[in-house]
Amino acid sequence: MRLYIFRHAHVTYRRGVPLASVPPEERSHLPDPPITEMGRKQASLLGQHLSRESDPGDQAQARQVDRLGFSISRLFCSPMRRALQTARPIAAALGLRPEIWVDLHELGGVKHDEGDGQGARNFPGLSRADVEQSFPEFLIPSNFAELGWWNPSPEGDQPTDRLEGVAEELRTMALGTDEHIAIVTHGTASSYILHGLLGSKEYEKVYFNHAHTGMSSLTIRENETTLRYQNHVEHLPDDLVTG
């Protein structure tokens, strides 16, 4: 199986902003922020890059690692707003229906610290109705809670088991298939997933950085996992490389 890992597009966080000072319709954006205009450009360019067919006469393309094309047949994404918004133009460009995978969410979940000394407050995240209304083309899994997918109690600040579970599930999916699969996730989550796939436990000592919409690719076979490349941003001009 060929696996592609994408980080979400550029997003602006507003930490330390009192919830009461924000208009009600924007309050959900504080703990679960959307991508920016720059982020929309990044995601659109990534979608165009992934959908491009190979041209034997294109010498620049011939030097690329995936010069024969990407041929992605399934696209999974985190349930966080920034990942959903990043996955949307990718899915449209590839003609796919994106699938939400709750365990791809970022470490810490859906929280907001108002800077009042009370620490971070947990929020439920997008509800099933929110997704059905705002992202109707996405497939919603059965474990997506009706009132909001984020439940902090099982994990706390220890995400290792969850993301090792993602890596193990990807390995299981890889058995007996040459399918090309992609996931849209987050900066630290992607690093943990890569550690899990590569059999490493050095989560704190080694960090696999990803720029916004940065790409990593692995080939996963039953007895071998190969990291083909990590954090490629060849689809972005220099002024759109962030993170």
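Predicted model: local features only at pLDDT ≥ 70, side-chain atom pairs only at ≥ 80, totals over all residues.

Q: Which residues of H3 are buried?
A: Arg81, Arg82, Ala83, Leu84, Thr86, Ala87, Ile90 and Ala91 are buried.

Q: And what covers them?
A: The cover over the buried residues of H3 includes S1, H1, S2, strand S3 (99-100) and S6.

Q: What follows H3?
A: Gly95 does, with a positive phi near 70°.

Q: Switching to the sheet. What is the strand order?
A: The sheet is open, has 6 strands and runs S3-S2-S6-S1-S7-S8, with mixed pairing. S3 and strand S8 (224-232) have a single partner strand each, so one side of each is left without a neighbour in the sheet.

Q: Where does H3 sit relative to that sheet?
A: H3 packs on the sheet and touches S1, S2, S3 and S6. The direction of H3 makes about 165° with that of S2.

Q: How many bridges join S1 and S6?
A: There are 6, and the two strands pair in the parallel sense. Within that part of the sheet, Arg2 stands opposite His180 in S6.

Q: What about S2 and S6, parallel or antiparallel?
A: Parallel, over 4 bridges. Here Arg74 stands opposite Ile181 in S6.

Q: And S2 with S3?
A: S2 and S3 run parallel and are joined by 2 bridges. Phe76 has Glu99 in S3 as its bridge partner. Between S2 and S3 the chain passes through H3, and this β-α-β crossover is right-handed.

Q: Now the core. Which residues touch the most other members?
A: In the largest nonpolar core, which has 32 residues, those are Tyr4, Phe6, Leu50, Trp149, Val184 and Met215. Strand S1 (2-7), helix H1 (37-51), strand S2 (74-77), helix H3 (81-94) and strand S6 (180-185) are the elements that give two or more residues to this core.

Q: Which of them gives the most?
A: H3, with 5 residues.

Q: Let's pick Phe6. What is in contact with it, leaving aside neighbours within four places in sequence?
A: Leu46, Leu50, Ile72, Ile90, Ala182, Ile183, Val184, Thr185, Gly214 and Met215. One of these, Ile90, is among the buried residues of H3.

How values were computed: Residues numbered from 1 in each chain as written. Heavy atoms only, no water. Core = buried A, V, L, I, M, F, W, Y, C linked by side-chain atoms within 4.5 Å. Buried < 20%, exposed > 50% of the residue type's maximum accessible area, 1.4 Å probe, protein only. Contact = heavy atoms within 4.5 Å. Pairing = 2+ DSSP bridges. Axes fitted to C-alpha atoms, helices over the stretch in contact; angles between N-to-C directions. Right-handed = clockwise from strand over helix to strand, strands pointing away.
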